[in-house]
Amino acid sequence: MTIICGIRDSKSIAVQPNDRVTLWNTLQNEQSKRSRTNHPTSELRNFMATYFMAHANLEDFENLDLMAWWKEKEGQYLILADMARDLLVNVI
């Protein structure tokens, strides 16, 4: 199975499950770029400007349950959580 991850400027990368360290590093680099350029004005921009992995490590990332994470965040990101649920139900 391949994991597709959207990153800045609508680029996408395909990552094999055994290459999670590369994905982790890519996410770290992209977040660093975003934190210098985004100004939250909408739910999407607010989400993109928030660094959720600040206190996480690689093990936390590998064990992340995306459906549970979005369920937890749906009060904060109602539209995005609904979209994520629609997408993830077809992937997981």
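## Terms and model

A residue is called buried when its relative accessible area is under 20%, exposed when over 50%, and partly exposed in between, using a 1.4 Å probe and protein chains only. By this rule Trp69 is buried, because its relative accessibility is 17%.

This is a predicted model, in which local features need pLDDT of at least 70 and side-chain atom pairs count only at pLDDT 80 or more, while totals for chains, interfaces and linings use all residues. Residues are numbered from 1 along each chain as its sequence is written, and side-chain values use heavy atoms, with hydrogens and water left out.

## Helix 4

Helices are DSSP runs (H or I, at least four residues), numbered from the N terminus. Helix 4 covers residues 66-73, and Trp69, Trp70 and Lys73 are buried in it. Seen down the helix axis, these buried residues fall within an arc of 95°, so they line one face of helix 4. The arc is taken from the directions from the helix axis to the C-beta atoms. An α-helix has 3.6 residues a turn, so residues three or four places apart point the same way.

Lys71 and Glu72 are exposed on the other side of helix 4. The cover over the buried residues includes helix 2 (43-49) and helix 5 (78-91), where contact means heavy atoms within 4.5 Å. At the N-terminal end, Asp65 caps helix 4, with a side-chain oxygen 3.2 Å from the backbone nitrogen of Met67.

## Aromatic pairs

Rings of Phe, Tyr and Trp (its six-membered ring) pair if their centres lie within 6.5 Å; planes under 30 degrees apart count as stacked, over 60 as edge-to-face and the rest as tilted. The structure holds seven such pairs. One of them is Phe47 with Phe52, a tilted pair at 5.3 Å centre to centre and 35° between the planes. Phe47 is buried at 19% relative accessible area, whereas Phe52 is partly exposed at 27%.

Phe47 also pairs with Trp69: the centres are 6.3 Å apart and the planes at 70°, so this pair is edge-to-face. The pair links distant parts of the chain, since Phe47 is in helix 2 and Trp69 in helix 4, 22 residues apart. Ring pairs join Phe47, Phe52, Trp69, Trp70 and Tyr77 into a cluster.

## Nonpolar core

A nonpolar core is a set of buried Ala, Val, Leu, Ile, Met, Phe, Trp, Tyr and Cys residues joined through side-chain atoms within 4.5 Å. The largest one has eight residues: Phe47, Trp69, Trp70, Tyr77, Leu80, Ala81, Ala84 and Leu88. Helix 4 and helix 5 are the elements that give two or more residues to this core, and helix 5 gives the largest share, four residues.

Definitions and conventions:
A polar contact is a pair of N or O atoms within 3.5 Å; within protein, one must be able to donate a hydrogen and the other to accept it, and residues adjacent in sequence count only if both atoms are side-chain atoms.
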